[in-house]
Structure formats: structure tokens, C-alpha cells
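Hi,

Here is the structure I promised to pass on.

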Amino acid sequence: MAAYSAVVSLLHILHPDQFPLIYDRTPEIESLYSKLVSLQSLLEKIVPTKSIRDEVNNLDVQIREAIYTAQDNIESFIFRQEQIHTALLPEIIIIAADAIDPLITKAEAIASSINETSSPENTRETRSTNIFIKKIVGQEEDLKKLKDEILNDTCELAVVPIVGLPGIGKTTLARSIYNHRHVKKHFNIRAWVTVTQDYQLKEIYSDLLSSIERKGEKSRRDRVMNTEASASKLADRLHKELLGGRYLVVVDDIWDEESWDALRHSFPDSANNSRIVVTSRLREIAHYVVTSRFEEEIDPRDTFGYFIHTMKPLNDENSWTLLRQTVFRDDDRRSCPPHLLDIGLKIARNCRGLPLSLTVVGGLLFAQGDETGRYWESIEEDTHAAAARGDESYLEILYLSYNHLPGRLKACFLYMGAFPEDSEIVVSKIVSLWVAEGFLELAQQQSVEQVAAESLEQLIDRNLIHIRGFTSNSRTKACGMHDSLRDLSVKECGKEKFFHSRRKYVQELPEDTDAQRRICVHRNVLMCMEEVHDSVKRIKFARTLLYAGPHHHHPLPFCLTFDLLRVLDAFTVCFIEFSDEIVKLVHLRYLSLTYNGKLPSTLCNLRKLQILMVRRHPKIIYVATSFLPVIWNMAHLRHLVFTESDLPGIIHRRHDEGDSVLFANLQSLSNVSAGSCTKEVLQNMPNLKKLAVWTKTPPGPTDSCLHLGQLQNLQAFKFTVVQPRPKLMSKTKIIDHFPNTLVKLRLSGCALPWEDMTVIGQLPCLEVLKLRDMAFKGDRWHVGADEFGMLKFLLLEYMDLKVWGLADDGGGNLLSVFDQHNSHFPKLERLILRYCYVLGDIPESIRYVGGLELVELVECSPACVDSALEISEYAEKNGNENLKVRIYSSWE
């Protein structure tokens, strides 16, 4: 329901804290604001149930259009009058209020007709958002059959297709095969690529190259995209990387014969049991990829002599098992109340054995938390009607889950559809974008970032978004969308005038494209084409312009004719000159770009800016210089992210301007020099939660301290020496004043003595500690008693540490860090050791640490490798599936 997000967005604009101070809060403005609050409250109560869905949808369109018109008129007036100190807004406020009055009357009538007792979705979700990790259900035989086929003794290169309906679990099954321990042990090389409908060969080759993982090596997660290399050169490079090795490659979600023809010549056949797994919705494609190596044409109906695995829907028993586990987050059959059993079985059958449908409906039932049966009955009716649509039933069920979303989550769901297919979307970015868009509710006890993060977790709970990666302390780092759910989102974005995505040069545009509120360009190079450029310019009321394509290091024409733009995400494209048009966008909240020059002083005209991200390419550090203007009058800034730079000097205010802090809203500041973070600067950022600073060389004894004592809300701190000198021991006490609120700490190149670690060990909230590039120097680290009580993640990388143990036990004996009976590192989950060439054996007692989930070694000493192998064998022998030991070492 775009109407809800439109109402909230206009409320943000008219909020007393946001509305331009040059305008008086007239009775007309207060009246409009009050009516919008009332309308928002009514929309929260309205649920588009089957009986009133058409009526609700019609009302939604009317409200959306009225609010869009009001917002356009108000913001256009502000844009025109920004430099003129006008006392009052014109009659457009009264016109907007008059247009809303009849809509409030209609909303009241619909809301009063709804039986609140049968609509549990009227209440806000308060259930836990703990992630339930589902095991494969009903596909155990598929897994075994495929594993046997992949591991058979056929020497020649074989293609193993998996074919099936959308949402049946092809990718999940392929991923289970890919990560199976016997499969990982059998193949020397593994790689994975997803082929989208709008694929680019260059990106496919790049993704394959970057995903390659060899035995004894970590995968190269950074993209291997060389903008100067052609697709053919990348294909040749891929062929060489795979040649001679026994490899497993997964080509996921292939759509046509042309893409396979382009790829298959890059896969060498060294007659060594190499395999290629291909997934597709289309059986004819599966037939083609498995027979394309034969010269003679083979009848598609002839399946003799080659293998195609066709996935079948789950049976009723497995369907119910998956649904029950998704709803109740429990493997226990008794978890479902008896009075819901029969209705639950019916819902499961209605999903026709499709895992995606079952998990999405299960997420819907879980989110509502209603166990009275009324809501389950309404879902059974809807899924039964959907099942009658035959092959289209899964689409109807996905729409059911979307229609039952609360209004406050619908805009968040639709926003995800703007990104390209199979995108891995970083949580911190999507949260910042949602914040800048202004369609999130304001909560009294939460920051808008917390509201955004909570909304994302609720979509994950509903299985409408899936997790693609975790942070060091096990929080969601990246997420994505299933293709079918993304397709739904894209269709709804068009109907709701929410987002227009330009994916390719030749693209049929809907009639109302000009009325779209947001634009996303999937291929940055498209903007070089005149027709595309001109068509995008026609969307004059656009509030958002996203460049979601790969990094493009050549200048492109920018379409910045949108006077009302509030989000400009151009991080992946290059500015040769800073456009004067940018500083005229007075409504801008979010600005990211790649630019190597000094930002103009006129940037400070963007008084509403909340997020500013500036990347310099290539990465160049100018010591004691700043490419930033004097930004201290931009009071709404919440997040500042740069390639290394100094902060500009702080302004000195007049006496009559008071003592209020300059950056009260600032929450993160990344990649600025430590020297520019003076005490006065940090005093003006009291609510800073994340700080990343750098210095050129290790600080000496006369250097000033970091003044972190000024930041009593700091949760994450990163300190990097960009030109470390490992032979010199730092004599400065840079860690004397760490605030007790620190959760994450990363130090690099500091060459501190291990004795200083005592200060860090006493931090009461510390969960993540990453030490890189001789952050500490010395042979021995003695961990004191009762230190690191909350630590979950520990990384040691490029350290000259030889002995790692506890402090003396009083009898002259050095205790093991991981002694079974000690109280050190009680919460530790992951231990990562990289390039610790002289570190001695890993203590045997590490196997006893109760919560430990992962021990990973990369190029450590032979003694470390041997002891890690022993720990792995012990875990396997004792059936400890929670502890994983991974070794990447040339010593093997």
C-alpha cells in the first residue's frame, strides 16, 4: 500500500523538526499535519481482506495520488522559494487538506466495518526476530541422488542439470550439494555463478573468477572485474584457472541457450571427474546444456544416456513438516497446538508442495502470532482459492503474503525490487537509503535507523527477504530476494508508481512511467545512450536516482534535472567535475558519488543532507589536507563516509549562537585522519556510534591521544596505521580512554605492546576484536583473569606472536588460554588466525569451549595446522556438528 508510505513521507516533510524554519507554523499547516496523522492511524487498521480488497485498493490509489500531488506542490514551492524568506505557504496547503477530507471519511467507513477480533494483523508485531535456520525437508533423496551422480567415477566432464518450477528449491539443493563436506573434499576447485535474465557475459566471468575457491586457499571475494579486459579475455583467464584441476562449477538459474553457448567453452575437460551443475526452470534448457557436447541432434524426449534431475513438489507430510517448522521455529511435532493441526494441514496442501510458498505462508503465520484459529482459517480460504489457479498458484500465494503486510513494511519490501536480480544488498546501505527516503515511522524510543533495521528483520522473519551474510557478531550483514518475490515487487512498483528500473537499452515502458517517484539504472553505461537519458529525464517528479550497476570508472552523462530529488546514489560511477546542479537540490538527503576533486563550498547549501559518501578512485591519501568544505552548518548529517581525508577545521561560532553541539545527529564517521579528530571536534559529535580513523605512521610519545572519552555512545571503533613500522614499538597510550560502550574494535599497524591489551580485555560490552598488521608486537600475550567476558569474535592477522597463554597461575606455570576449567573467552564463537607464521600449537583444550562454532586458519605455522587437524578429527569423532575447523594452508 503505497498510500501509507506516501502519508508518512509527507508527515516527515511537515514535521516541526524538519519543516524549513523560514516558514511559520500556521494553523493551516497544523491542521494538515493533524489530518495526516489521523489518516495514517486509519490506514494501520485497514487490512485488505478478500471481501473488501477491491474497495481498499481503490482507496489506496486515491490517497496515493492526493498525497503525491500535495507533496509535489509543497516541495516545488520550497524549491522555488528556498532563498526567499517568505512568511507563509500559499493556498496549496488548504487545497491539500480539502483533498484529504473525503478520503479520511472513506477510510473511517472501511476501518469501522472491519471486525477487529478477526484481524490480528491490526496489532504491531512484537514477536522475537531470532532467525530460524531450516534444514532441508523432503529433499534428502534428491540430495543423495545428486551427490552420487556428481561423485561417480566417470572421468569425462559431465553436466548435471537440476530443473523444476520456480520456488521448488533448485538453488537450495544446489547450494547443499556445493557445500557438502564430501563434495568439498572431492573437488580441488569450486566456483558459483548466478545467471540473470539480463546477464552480461563480462560480469558472469568476473563473478566466476571471484568465487573460485581452491583447497588450501580462501575464495577471492573481491570482484575480479577489469574494466579494460574484454569478456573474451576474462573467459580465457577462467579457462586457465580451471585447466588441470578437478572442479565443480554451479551455473545457477540459466534462461537461454545463448548464455550456455557463451559459457561452456570456458570449462576445460581434463578427464578428471570435473562436474558442472546447472539449474533452470526450463526443461528444454536442461536438455540443451547436457547434450550440447554431442555433434548429432538429440530428440528432447529422449532421456536415455544422460542425467537430468527433475525436482518434484513435496508430499503432504513433508509440506506440513516444513510449514510447521517455519511457523513455530521448532522441530518438535508437538509445537503445533492441537486445534490448529487440521487447518494447518489444509494450508500446507494448498501450497502444492512448493517450498517457497510454504515458507512465505509460514512466515506470514509466524509474524502474526495468532493461535486462536480465526486468522489461520482466513489464510486457508485464501490459499485454497490460490491453489485453484493451477500453475499460477504460487504467484497468488506470494501476492497473498504481500497483501497481508502491514503498510509500514510494504514500502520496504517494494524498495528491494529496485536492485538487480540476485543482488547482495548490504544492510547498512539499505538502512541508510530507507532513512533518507523518509517513509519510515518516527518512534519515540527508537532512532530511525533502529526502525529501519527492525523493519528489515521483520521482512526476514516473514521469509520475504533472505540473509546473504552475517557480521562478525552474527548480525545480518547482507540480504537478498528470491527471483519470484523480486518479480512480484517489480510489478507492484510499476503499479504503485513507486520505482522505475531501467534494466536494458530496449525496454518497453509503461504508460505512466513519467509519474514514477523513483528511478534505478541497472547498467550505468545505459546513461550514455541518448534515448535512455532522455526517457529518464521525463520523470520530473522523481525523488530518487540510484545507479545499481557495477562500478564504472569512466565519466558518464548525469541526469540531474530532478528539482525534488532527495536520494542520489551515484557511488558506482565517476564524476570528472562536480556538477553545479547537485548543490541546487535543496531537498537532497542522501548523496554518494565517486569524485577525486575538492568538494565545493556550495555543498553546504544542502542543509537537509543526512548521508554523505564520497569515494576517491584510485584511492589516494593526502596527509594534512581535506577535500571537504566546511560542513559544520549541516546539522542534519547522520552518516559521513569518505576515502581517507582530514576533517575541515571547526568553525568558531558567535557568542549569541549558543553552546549547542554542531553534529548532534551524527552517528557514523568513517575514514578521517586521527589528527583532525580533536577534542573540540568530538565534543560536537556526542551521539557518534561508529568511528573509523587513520594515521600515516605509528603515533609517537608526543602525539595527542584520541579523545575517545568524549564519545560515551561509541559502539564501533577502527584505528589504522597506513604506513606501519613493525620494528618500532609504539610508546603512546592510544587505548587509555576507550568508552565502555564499545562492541567492535579493529586495530591495524599500531605495534602496541601486549601489556596494553589489559585495557581492551576489561571492556564490558566488547563482542568483536580484530587485530591486523602487527597491531600488537611481541612474543607473548598473557591474558589476565576475567578478561573478554563478552567476546564472540577474535581475529589475529599478521602477528609475530609466539606464545599465547594465561597469566601466571601463581606457581610459575603458564596456563592455556582455552583451559577447560578457566573463565576466559566464555562467549567466544569464532577464532580466526591468519598469517601467524611463528605461533605455537593451538591448545588442545580449545575443543572444550562450549559455544565455539568456527576455528579458521590461513597460512599459519605447521604446528598450528597439525593441532587444528587434530581438533577437527576430535569434533567429527564425537559428533560435534557445531564446531567447524577450516584450514587454508600451503603446509597441507
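**The nonpolar cores**

The largest nonpolar core has 104 residues, and Phe717, Ile760, Trp781 and Trp804 are the ones with the most contacts inside it. Helix H24 (residues 862-877) gives this core its largest share, 5 residues. Bear in mind throughout that this is a predicted model.

Leaving aside residues up to four places away in sequence, Phe717 touches Leu691, Val693, Leu706, Leu708, Phe738, Leu742, Lys744, Leu745 and Arg746.

**A run of parallel strands**

Next, have a look at strand S20 (residues 716-721). Strand S20 runs parallel to strand S21 (residues 744-748), and 5 bridges join the two. Across that pairing, Phe719 stands opposite Leu747 in S21.

S21 also pairs with strand S23 (residues 768-772), again in the parallel sense and over 5 bridges. Which residue of S23 does Leu747 stand opposite? It is Leu771. Put together, Leu747 of S21 stands opposite Phe719 and opposite Leu771 in S23. As background, strands of a sheet pair through backbone hydrogen bonds, either parallel or antiparallel.

**The six-stranded sheet**

An open sheet of 6 strands has the order S3-S2-S4-S5-S1-S6, and its pairing is mixed. Which strands are at the edges? They are strand S3 (213-214) and strand S6 (309-310), and each pairs on one side only.

At the S6 end, strand S1 (residues 158-163) pairs with S6 in the parallel sense over 2 bridges. Val163 has Thr310 as its bridge partner in S6.

The buried residues of H11 are Ile285, Ala286, His287, Val289, Val290 and Thr291. What covers them includes S1, H10 and S5. Helix H6 (residues 170-178) lies across S1, strand S2 (189-194), strand S4 (247-252), S5 and S6, and runs at about 165 degrees to S2.

Ser280 sits in strand S5. Is it buried or exposed? Ser280 counts as buried, because its relative accessibility is 2% and the cut-off for buried is under 20%. Not counting residues up to four places away in sequence, Ser280 touches Ile162, Val163, Gly164, Lys170, Ile254 and Ile285. One of these, Val163, is the bridge partner of Thr310 in S6, and another, Ile285, is among the buried residues of H11.

**The three-stranded sheet**

There is also an open sheet of 3 strands, in the order S7-S9-S8, with antiparallel pairing. Strand S7 (425-426) and S8 are at the edges with a single partner strand each, so one side of each has no neighbour in the sheet. S7 and strand S9 (residues 476-480) pair in the antiparallel sense over 2 bridges, and the bridge partner of Val426 in S9 is Ala478.

Asn273 has a positive phi of about 75 degrees, although it is not a glycine. With a relative accessible area of 12%, Asn273 is buried.

Asn463 is not a glycine either, and its phi is positive at about 60 degrees.

**One last residue**

Finally, Tyr848 is in the loop between strand S29 (830-834) and strand S30 (854-858). Tyr848 is partly exposed, at a relative accessible area of 37%. Its C-alpha atom is separated by 9.9 Å from that of Ile871, which is 23 residues apart from Tyr848 along the chain.

Cheers

Methods:
Residues are numbered from 1 along each chain as its sequence is written. This is a predicted model: local features need pLDDT of at least 70, side-chain atom pairs count only at pLDDT 80 or more; totals for chains, interfaces and linings use all residues. Side-chain values use heavy atoms; hydrogens and water are left out. Two strands pair if DSSP finds at least two bridges between them. Helices (H or I, at least four residues) and strands (E, at least two) are DSSP runs, numbered from the N terminus. Buried means under 20% relative accessible area, exposed over 50%, partly exposed in between (1.4 Å probe, protein chains only). Contact means heavy atoms within 4.5 Å. Axes are lines fitted to C-alpha atoms, for helices over the stretch in contact, and angles run from 0 to 180 degrees between N-to-C directions. A nonpolar core is a set of buried Ala, Val, Leu, Ile, Met, Phe, Trp, Tyr and Cys residues joined through side-chain atoms within 4.5 Å.
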